[in-house]
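Let's walk through this one together, a question at a time. Have a look at the structure first.

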Amino acid sequence: KLSAGAKQLAGAASQAHAASTQLAGAAEQLATGATQLSSGIASAEDGATLLAAGSAQLAGGTEALSAGAGSLKAGTSKLAAGTIAASSGAAKLSVGSATLAAGTKQLASGANSAATGSTTLATGIGQLNEGAHTLSSGLPSAASGAEDLRSGLASGALAVPNYTTALRNSNDDMMSNPVELTTQRHGEVPTYGTGFTPYFIPLALWVGALLTFFIVKPLHGRALASGANPLVVALASYLPGAAFGILQAIILMAVVQFGLGLKPVNTLATYAFTILAALVFTAILQMLNGAFGAVGKLISIVVLMLQLTSAGGTFPTQMIPGFFQAINPFLPMSYVVIGMRQTVSGGDLGAVAQCAVVLVAFGLGALAITTFAAWRKQMFTMERLHPSLSL
């Protein structure tokens with residue numbers, strides 16, 4: 001419609017142009033032929049007629065132009081709507097192209113996987129064929145083995161013994177309880193106090209020896225000044241302390257045995273070992289007090305604390321901290337506890353003898369150090385004449 005209207009408009013424009021040209025020519029003729037008006041009335045009438053016809057044609061062309069403009073507007077609206085629809089279709093076409101590309105890639109990947117799977121399937125079919133042949137060849141052997149199994153089971157069923165009810169019950173008891181435990185107690189401790197006796201007796205003996213040298217001088221000053229043999233000086237102070245120690249040990253054992261009801265397995269060995277411990281503790285305490293003076297009493301208390309924690313009197317040695325396990329073999333109370341356990345509760349007297357030998361070594365070592373201290377103190381110094389600490 002737009003094209004037809006345009007053509008009509010072009011025709012009308014051509015006609016209008018022709019009419020305008022004719023009008024111009026007529027006007028020119030009118031202007032130039034005013035003098036010829038009278039003679040050209042006929043020509044003027046013809047021109048007026050032509051002008052009227054051109055005007056009518058111009059009016060018709062104008063109407064056609066108006067109709068073409070309306071058609072042009074409608075066509076423009078349809079063109080705009082078609083343009084929008086074409087744009088939306090182009091976007092959908094772009095998305096569809098992307099989806100098509102992705103699907104093409106997946107199709108290619110699936111084709112590769114299908115090719116690989118076909119190869120694997122062909123290999124598996126070959127293996128299956130070989131397995132089928134192997135199975136076919138092994139079936140006769142399996143049938144023979146099944147027959148052997150059947151005959152073996154039948155023979156085994158005949159060989160199963162037919163136990164009586166009593167024998168089955170006996171076997172059930174044996175299988176449910178195959179091991180019978182036999183408990184044998186060695187050195188059984190009747191009371192809680194009996195178990196702690198080897199721990200508290202050496203504690204009392206150590207404290208008794210410590211208090212002894214609050215009364216008895218560890219080294220007599222008159223003997224030191226006399227210039228006597230240092231061993232004689234050491235023994236002169238040790239023997240009174242040893243006598244106190246023996247007396248303390250006997251009284252202690254008598255109170256524990258007859259007052260508290262202790263019943264040692266080996267009474268004589270218990271008394272003898274207690275006296276030995278008292279003599280050794282006396283020698284050690286004399287050494288600490290004689291060699292270190294007043295400081296020795298403080299050292300004696302520290303050593304007592306270390307022995308109480310490392311001797312294993314309350315718990316086995318394996319359960320105490322590593323430090324106390326390390327110092328346990330180097331302290332005399334450890335051996336007193338071990339020996340008294342054997343004599344009080346019963347055990348190996350050989351272990352008692354070994355502990356006694358170690359205690360004698362401790363006592364002789366302490367006496368040797370005391371002798372050396374006596375030899376040193378026979379030389380008077382300003383420190384001895386004016387000690388920095390005295391009790």
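Q: At roughly what angle do the axes of H6 and helix H7 (residues 267-292) cross?
A: This is a predicted model, in which local features need pLDDT of at least 70, side-chain atom pairs count only at pLDDT 80 or more, and totals for chains, interfaces and linings use all residues. Residues are numbered from 1 along each chain as its sequence is written, and side-chain values use heavy atoms, with hydrogens and water left out. Axes here are lines fitted to C-alpha atoms, for helices over the stretch in contact, with angles from 0 to 180 degrees between N-to-C directions. The axes of H6 and H7 come within 8 Å, and they cross at roughly 145 degrees.

Q: How many nonpolar residues does the contact of H6 with H7 have?
A: For the classes, Ala, Val, Leu, Ile, Met, Phe, Trp, Tyr, Cys and Pro count as nonpolar, Asp, Glu, Lys and Arg as charged, and the others, Gly among them, as polar. In the contact of H6 with H7 there are no charged residues and nine polar ones, and the nonpolar residues number 14.

Q: Where does H6 bend?
A: H6 covers residues 230-259 and reaches 42 Å from its first C-alpha to its last, close to the 44 Å expected at 1.5 Å a residue (the expected span is 1.5 Å times one less than the number of residues). A bend is the angle between axes fitted to the seven residues ending at a residue and the seven starting there. Pro240 follows the bend within four residues; the bend is about 25 degrees and lies at Tyr238.

Q: Which residue has a side-chain oxygen reaching the backbone nitrogen of Leu231?
A: Look at the start of H6. The oxygen comes to within 2.9 Å of that nitrogen, and it belongs to Asn229.

Q: Why is H10 largely enclosed by the rest of the structure?
A: Buried means under 20% relative accessible area, exposed over 50%, and partly exposed in between (1.4 Å probe, protein chains only). Among the buried residues of H10 are Tyr335, Gly339 and Gln342. H10 is largely enclosed because its buried residues number 12 of the 14.

Q: How many helices does the chain have?
A: Helices (H or I, at least four residues) and strands (E, at least two) are DSSP runs, numbered from the N terminus. The chain has zero strands, and its helices number 12.

Definitions and conventions: A polar contact is a pair of N or O atoms within 3.5 Å; within protein, one must be able to donate a hydrogen and the other to accept it, and residues adjacent in sequence count only if both atoms are side-chain atoms.
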